[in-house]
Amino acid sequence: MPASTKISDARIEAFWKNYLLVLKKFRVPDKALPWYRKHVQAFIDKHPGTRLREQTAEQVDDWLGELGRNTLSPAWRYRQQVDALRLLFCHFLRLPWAGRFDWDLWLEGSRQLSSSHRTVARDYEQMPSCSKTVPKGLERLFPELYRKFVAACRIPDYATSTEKSYLGWINRFLYFHSDSLPESWSEPDVASFLEHLAVKRKVAGATQALAMNSLVFFFARVLERPLGEIGPFRRPKQPARVPTVLAKREVSLLLSHTKGMTGLMTRLMYGTGMRLMECTRLRVQDLDFEYSQITIKISKGKKDRVVPLPEILKPELRDQVEKVRRQHQVDLEQGHGSVFLPDALSRKYPNAPNRVYLAVPVPRYQTSGGSTHW
């Protein structure tokens, strides 16, 4: 064997040995070490003519995007692939661009949305099974009452979070009175449950009020037996709290430590006053650079409103729109790229989900209910 080949093999072995030492410092389990090496080797094989120290953020970005579009790969493996490259470039090779790279964007993008997520279509079959603290919920023990509950929530178009919260408290009430049937429940049963929350569980006043609202709704709209007087229990008063306001220096310090997509969303919410879900649902068509405004569709209370678009964020948002447009085209060519449309619009306009795209990048796609979500 030539001497140059021996030297090359020795360097390769030294490289993997040192990389594994870094993995152990970051408490990567021993059983996962071969997988981390396999993920890095796959990245190296993808770029045979480029040394690792010469790799750029764009190449890593393209590689992770390609991996993310493979919907057959489980989410845990994708997070492992991202983490393998993060430890390689940030903590082993320590390349300058690696510290500024938005690794969190790719790690968070690998999480599959649950069927109860607010940005996912709300179908009857997609309702959460029950609260984690309740072994059996209303939908399993009393399916007829569950269907009535779903109809009672969705005919007046209650928010998904309200529906999920009400169901959680109804399930807790059901578990508390598991030795009786719904037709026998009355005001004393509600009073005893609320007293248990206040005395035994020591929950906050707002939590007591939410539990009571859930049961009032359940008795009136589902059991069709509105509650009467429930005894000495009274709705807790909302305490008057002094709001906590950050100083300008604190705000600047906070914003300076956010980067990538997280930083853009944080600055956008701070500069416009948008809520978190309003920001995550933002679409490209909602941005009006000419009039310096953002239209927020179907906000709280099913209302639209307009907020000012900060001038300082315009260049960053324009770059973001162009980046997402290019990614959207690539995804469509590979059979992905559709987005969630509310209510029955996806059935009414079957081609529409492929023609619109979010203003937030989509690092990984997971399919649920015929639509692809980020």
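**Figure 1. Phe173 and Trp185 in the predicted model.** Both Phe173 and Trp185 are buried in this predicted model. Their rings form an edge-to-face aromatic pair, with 5.0 Å from centre to centre and 80° between the planes. Phe173 belongs to helix α8 (residues 160-176), whereas Trp185 sits in the loop between α8 and α9 (187-200), so the pair ties together parts that are 12 residues apart in sequence. The two residues are also members of a cluster linked by ring pairs, together with Trp169, Phe176, Phe193, Phe218 and Phe219. Over the ring of Trp169 sits the charged end of Arg172, 4.6 Å from the ring centre.

**Figure 2. Helix α8 and its cover.** The 17 residues of α8 should span 24 Å at 1.5 Å a residue, which agrees with the 25 Å between its end C-alpha atoms. Buried residues of this helix are Glu163, Tyr166, Leu167, Gly168, Trp169, Ile170, Asn171, Phe173 and Leu174. The elements that cover them include α6 (138-141), α7 (143-154), α9 and α10 (205-222).

**Figure 3. The aromatic pair of Phe15 and Phe92.** The whole structure contains 20 aromatic pairs. In the pair of Phe15 and Phe92 the ring centres are 5.4 Å apart and the planes stand at 50°, so this pair is tilted. Phe15 is in helix α1 (residues 3-25) and Phe92 in helix α4 (residues 75-92); the pair thus links distant parts of the chain, 77 residues apart. Phe15 counts as buried because its relative accessibility is 17%, under the 20% limit.

**Figure 4. The largest nonpolar core.** In soluble globular proteins, nonpolar side chains tend to be buried together. Here the largest nonpolar core has 32 residues, and those with the most contacts inside it are Val60, Leu64, Leu85, Leu88, Phe89, Trp97 and Trp103. Two or more residues come from each of α1, α2 (33-46), α3 (57-68), α4 and α5 (103-109). Helix α4 gives the largest share, eight residues. Trp103 is in contact with Val60, Leu64, Val82, Leu85, Arg86, Phe89, Cys90, Trp97 and Ala98, leaving aside its neighbours within four places in sequence. Another core, of 28 residues, lies apart from the largest one; among its members are Leu138, Leu174, Ala211 and Met212.

**Figure 5. Gln80 in helix α4.** Gln80 is a residue of helix α4. Its relative accessibility is 11%, so Gln80 counts as buried. Not counting residues up to four places away in sequence, Gln80 touches Ala32, Trp35, Tyr36 and His39.

**Figure 6. The three-stranded open sheet.** The strands lie in the order β1-β2-β3, and their pairing is antiparallel. At the edges stand β1 and β3 (305-308), each with a single partner strand, so one side of each is left without a neighbour in the sheet. Two bridges join β1 to β2, and Asp288 has Gln293 of β2 as its bridge partner. Between β2 and β3 there are four bridges. Here Ile294 stands opposite Val307 of β3, and Ile296 has Arg305 of β3 as its bridge partner.

**Figure 7. The β1-β2 hairpin and Phe289.** Four residues lie between β1 and β2 in this hairpin, and Ser292 in the turn has a positive phi of about 55°. Phe289 is placed in the loop between β1 (287-288) and β2 (293-296). With a relative accessibility of 18%, Phe289 counts as buried. Leaving aside neighbours within four places in sequence, its contacts are Leu309, Lys314, Leu317 and Arg318. The C-alpha atoms of Phe289 and Pro310 are 9.7 Å apart, and the two residues are 21 residues apart in sequence.

**Figure 8. The protein as a whole, for orientation.** The secondary structure comprises 15 helices and five strands. Of the 374 residues in the protein, 41% are buried. Among contacts with a separation of 6 or more, 61% are between residues 24 or more positions apart.

Terms used
Residues numbered from 1 in each chain as written. Predicted model: local features only at pLDDT ≥ 70, side-chain atom pairs only at ≥ 80, totals over all residues. Heavy atoms only, no water. Buried < 20%, exposed > 50% of the residue type's maximum accessible area, 1.4 Å probe, protein only. Contact = heavy atoms within 4.5 Å. Phe/Tyr/Trp six-rings, centres within 6.5 Å; stacked < 30°, edge-to-face > 60°. Lys NZ or Arg CZ within 6 Å of the ring centre and 35° of its normal. Core = buried A, V, L, I, M, F, W, Y, C linked by side-chain atoms within 4.5 Å. Expected span 1.5 Å × (residues − 1). Pairing = 2+ DSSP bridges.
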